[in-house]
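Let's take a walk through a protein model together.

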Amino acid sequence: MITLKSNRLRVRIAEPGEAPNQTHRFDRAGFISEIQLDDWISFCASEPENLSHPCTGGRGLCCEFKTDAGGECAVGEYFPKLGVGLIRKEDDCDYVFHRRYRDVIPFSTAFSANESAATFTTQPLPCRGYAVRTVRRIEVEENRLTLHAELTNTGDRTVIAAEYCHNFISIGGLPLSSAYCWESPQLNSPTTDPALPVQATEHGFRFAETNRIAFAFRLDFLRPPELDWRLSNAIAGASVCAHESFMPDGIQIWSSGHMICPEVFHNMQVAPGETHAWTRTYRFEQEKVITTR
């Protein structure tokens, strides 16, 4: 386990192959499992286990790449799952995100770290004309956490992919209630589905307690050049603010009783020899003053 520290943040990153970073879904480079602010309040939650499909082992801030490579090969052949490795196709189904595949050749991921930053470099295994090298760098400073990502296409075919971060967040471990609010300054006067336990606000949504296993809604119409969003909890007196340095190609917010997970999708098309880079910056804040006796 890698631990990064600033004077306010403590961030834990699971190494590739170390629990919970052992899935066939999430990028094994930079799997952030714990975030704590001011030695007091935590922000990471685990993916629910009582879903309609098997739990995929997500926790905290863990990224994922999605491509159509699984649909291009025959049963028994390998296809690349970016961030994970080469997966052997077991049946006529394309890649199934919750399946534990029997035959996976993991990509090699090397990393280095100091007290405030860690860099992960994932090398390609050429497959079906695809080959991708990725570099993820995670830095902490004061109450900020920055995720830099860079994808270089070293193969023969154009890479068409969607990348997003699963932000499994629970502020201070508090369950879903009307104390939680998700907002974006780029979102004005949204509407909500009355069947969902969500109430629209001027720039976002306030949540409500619910006995649903999980629910989700999308904001595909929100496409500013870059996106800012904030998730706060009034009881905890704390929040996380994020800046996504790209135009979103869709936003999904889903939740269960113990966490909220905003997902901002980033589509990319990278030709052979080209490099594409992007950044996410998180700022963690607490409004309450904690005193000790």
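Take the contacts in the protein chain between residues at least 6 apart in sequence: 60% of them join residues at least 24 apart. Keep in mind as you look that this is a predicted model.

Now step back and view the whole chain. Its secondary structure comes to zero helices and 23 strands. The radius of gyration is 19 Å, close to the 19 Å that the globule rule gives for 293 residues, so the chain is as compact as a globular protein of that length. If you draw a box around the C-alpha atoms along the principal axes, that box is roughly 60 × 45 × 35 Å.

Of the 293 residues in the protein chain, 49% are buried. The accessible surface comes to about 13000 Å², and carbon and sulfur atoms account for 47% of that surface.

Let's turn to the aromatic rings. A pair of such rings is described by the distance of the centres and the angle of the planes. How many aromatic pairs does the structure hold? There are 14. One of them joins Y95 and Y101, a stacked pair with 5.9 Å from centre to centre and 15 degrees between the planes. Y101 has a relative accessibility of 6%, so this residue counts as buried. F111 and F120 give you another arrangement to look at: their ring centres are 5.6 Å apart and their planes meet at 35 degrees, so this pair is tilted. Are the two partners buried or exposed? F111, at 35% relative accessibility, counts as partly exposed, whereas F120, at 0%, counts as buried. Elsewhere in your view, look for the aromatic cluster formed by F43, W182, F205, F217, W229, Y282 and F284.

Finally, find H24, which sits in the loop between β2 (9-14) and β3 (31-37). Although H24 is in a loop, its relative accessibility is 10%, so it counts as buried. Which residues does H24 touch, not counting those up to four places away in sequence? They are K81, V84, I87, Y95, R99, R100, Y101 and V104. As for F120, it lies 96 residues from H24 in sequence and 18 Å from it in space, C-alpha to C-alpha.

Key: Residues are numbered from 1 along each chain as its sequence is written. This is a predicted model: local features need pLDDT of at least 70, side-chain atom pairs count only at pLDDT 80 or more; totals for chains, interfaces and linings use all residues. Side-chain values use heavy atoms; hydrogens and water are left out. Helices (H or I, at least four residues) and strands (E, at least two) are DSSP runs, numbered from the N terminus. The radius of gyration is taken over C-alpha atoms; the globule rule is 2.2 Å times the number of residues to the power 0.38. Buried means under 20% relative accessible area, exposed over 50%, partly exposed in between (1.4 Å probe, protein chains only). Contact means heavy atoms within 4.5 Å. Accessible areas come from the Shrake-Rupley method with a 1.4 Å probe; for residues, only the protein chains shown count as cover. Rings of Phe, Tyr and Trp (its six-membered ring) pair if their centres lie within 6.5 Å; planes under 30 degrees apart count as stacked, over 60 as edge-to-face and the rest as tilted.
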